[in-house]
Amino acid sequence: MKKSALQQARAAYKPQLPIVLTGGVKVVEGQPTQSADNQEEIKSLFPNTYGLPELRFEKAPAEEAAQPINVGVILSGGQAPGGHNVISGLFDGIKKVNRKSRLYGFLMGPGGLVDHDYKELTSDIIDEYRNTGGFDIIGSGRTKLETKEQFDKGLEILRKLEINALVIIGGDDSNTNAAVLAEYYKEIGAGVQVIGVPKTIDGDLKNDVIETSFGFDTATKVYSEVIGNIQRDCNSSKKYWHFIKLMGRSASHIALECALQCQPNVCVISEEVESKNLTLDQVVEDIADAVVARAADGNNYGVVLIPEGLIEFIPAVKALIAELNDLLAAKADEFAAVDTDCQREWVISHLCEANAKTYESLPAGVARQLTLDRDPHGNVQVSLIETEKLLSEMVGKRLEQLATEGKYSGKYATMHHFFGYEGRCADPSNFDANYCYALGYTAACLIAAGKTGYMSSLRNLTFAPVNWIAGGIPITMMMNMERRHGEMKPVIRKALVELDGAPFIKFTKYRDEWKRQTCYTYPGPIQYFGPTEVCDQPSLTLIYEQKRRKY
Ligand code: FBP
C-alpha cells in the first residue's frame, strides 16, 4: 500500500514509555476500594471483583517469564486516535514478558468474540499500524457483551486459542461490560483475565483516578484546527455566522476544550443549560444577544459552538427522552408495528401530558430522531440530530422579531458544520501516541501480574511521559447504578463537564469578552516534529484540571 511522506516518517516514531515500564516491574497494592456509589448493590453484583486495591507499578529487575501469555484484544465503539498504539504497546508488552506470547485481534468489535471472528496479530501487521490513526487493524463495533450465552460463546474461542486474557478497548459502556465479563469468568473459574482500556474522543470516561480517555487530545486538536480556520475565514469575509456542532455525545468536554483553544463568540455548554434549567428559547436568546451586540458594532459575523448532546440536556427534553426510553423499551414491538406516518400520534398518545407537549413543540425531524433506534447501549443517536440548523433557524426567527421591534438592524447569513468523524481517526498526536502505547504496555503488565477486572491507568499526564505513573484501577471502583432501557443497571459513571471545575471556570472568565469582541485564536494543525511546546502540549482541559505547569 502506498504511504504518504508523513506516514513513513511517523512509522519511525518511538513512543516514550514511563521510566517504570522500561525494565521489569513489581506491583504495589494500595488500599481496598469502593464503588463510586450504591456500594451495597455493586458489591452484591460483583462479589469476586469488588473492593480490589488500586495498583501501581514500580521498577524491578527484568526477567523473562517461564510461560508465554496469549491475549485477545477487542476495539469497541467509536473510533479514537491512538487505538493502534494501544495494540502495539500491548503486543510489545506481552513479547517482553515472554517472546513466545501471542496476540489475537477479534474482528469488528465485541461481536468478533461471540462469532469467533479473529486474526492473529503478528509483528509484520503491528509494524504497519504503529502511530497511525483509525481502528482498521481489526475494526470496531458496538455489539453489547451482556448475556451469559455471549460470554460462554466467547469462552469457547478463548479456550481454543489458549488465550489467558482479554483486553477490551472502549468507553464507559464497553468498560462496564469488561467488568461484568471479568466477574463472570472469575466466578466460573474460566481462567481468563479481563482488562479494560479507557478510550473515547468524548472525554467522558475520566475521574479522580483516570485522568483522561485516549483520543480526546487528538480529536479536539483536529476540531480546533478547523474551527480556527473557519474563524479566520469568517474574520476575512465578515459575512457569515457559522454554527458548528461538535461530537461528544452527552458531555460537552469537546466543545469546551475547543472553546478554550479557539475563543469563539459563543460556546453552549449542555451541563450549564441543564443546571440553570434553561429552555431552548433561552439558549436561542443568548445566541441572538451575541448577534445583536456584534451587529451594533458593525460585525455581522461570528462563530457558535454547539455540543452534539445539547438537546438531551434541555430539562424538558431530558424528561421526554427518559419517558421515551422506558416506553420504547416496554412497547418496542407495538411501536414497530405502527405505520411510520402514524408513529408521531402513537407516541403523543402514550406520553404523559407534559412530555407530550414538549414532543409536539419540537420540529418534526428532531422529535422523530428521538424515537428512532438507540445504539446497543440504549443511547439516543444525538450525532444524527441537526442541532446546529435548529438553533440557527430559531435565532433567525428571533432576530426577525427583534428587527420588527426596532432592536436589530444587522444582516444574518448562516453556515452550518458538524465536526465529529473528521477527528476520530486522525493520526494520534504525540500525547496520544505516547499515552496509548503506554496504556497497552501497562495492560500487558497487569495481565502478567495475574490481574482481572482492572482498567489500565497512567497518571501524572501533564508531565513528560517518563514521569507518568503506571498501574491499574479496579473497574468496579468507577461504578454506580443507573436506569438503562427501563431497568437499574451497574454502569461506569459518565463524567460530565463540572461547572465548578477549572476548565469551565476559565471559560466563564473570558466568554463575555469573546462574545462581543473578535478574540479568535488559531491553533493550527497538529505538529509531530518540532519544539516540545508546539508538539507535546496536552489538552487545556487536562492542564487546567491537573492544575499543573505545562511542560
Ligand atoms: P464512543 O462513546 O464509543 O467512544 O463513541 C463516541 C462517538 O464518536 C460520539 O461522540 C458520537 O455520538 C458517536 O460515537 C457516534 O457513533 P457512530 O460511530 O456509531 O456513528
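How many nonpolar, polar and charged residues does the lining of the second largest pocket have? By class, this lining has 13 nonpolar, five polar and nine charged residues, where Ala, Val, Leu, Ile, Met, Phe, Trp, Tyr, Cys and Pro count as nonpolar, Asp, Glu, Lys and Arg as charged, and the others, Gly among them, as polar.

The model is predicted, and local features need pLDDT of at least 70, side-chain atom pairs count only at pLDDT 80 or more, while totals for chains, interfaces and linings use all residues. Residues are numbered from 1 along each chain as its sequence is written, and side-chain values use heavy atoms, with hydrogens and water left out.

**The second largest pocket**

About 630 Å³ of space lies in this pocket, a volume being the space filled by probe spheres set on grid points that are joined across faces, edges and corners. A pocket is an open set of points, on a 1 Å grid over the protein atoms alone, where a 1.4 Å probe fits, with protein on both sides within 12 Å along at least five of seven lines, and lining residues have an atom within 4 Å of a point. Of the 27 lining residues, Lys 206, Asn 207, Asp 208, Ala 495 and Glu 498 lie nearest the centre of the second largest pocket. Helix H9 (253–262), helix H21 (502–516) and helix H23 (540–546) each give two or more residues to the lining, and H23 contributes the largest share, four residues.

**The ligand**

Among the 14 residues around the ligand (a heavy atom within 4 Å), Gly 78, Asp 202, Glu 308, Tyr 421 and Arg 424 come nearest. This shell divides into three nonpolar, five polar and six charged residues. The table gives polar contacts, which are pairs of N or O atoms within 3.5 Å.

| Residue and atom | Distance to a ligand oxygen atom |
|---|---|
| Glu 308, polar side-chain atom | 2.5 Å |
| Arg 424, polar side-chain atom | 2.8 Å |
| Gly 248, backbone N or O atom | 3.3 Å |

Taken alone the ligand exposes 480 Å², of which the protein buries 84%, with accessible areas from the Shrake-Rupley method with a 1.4 Å probe.

**Strand pairing**

Strands (E, at least two residues) and helices (H or I, at least four) are DSSP runs numbered from the N terminus, and two strands pair if DSSP finds at least two bridges between them. An open sheet of four strands has the order S9-S10-S8-S11 with parallel pairing. Strand S9 (266–267) and strand S11 (414–419) stand at the edges with a single partner strand each, so one side of each is left without a neighbour in the sheet. Six bridges join strand S8 (residues 241–246) to S11, and Phe 243 has His 416 as its bridge partner in S11.

Strand S14 (residues 479–484) and strand S15 (residues 487–492) run antiparallel and are joined by six bridges. In S15, Val 491 is the bridge partner of Asn 480, and Met 488 is that of Arg 483. S14 and S15 form a hairpin with two residues between them, and His 485 in the turn has a positive phi of about 50 degrees.

Conventions
Polar contact = N/O pair within 3.5 Å; in protein donor to acceptor, adjacent residues only side chain to side chain.
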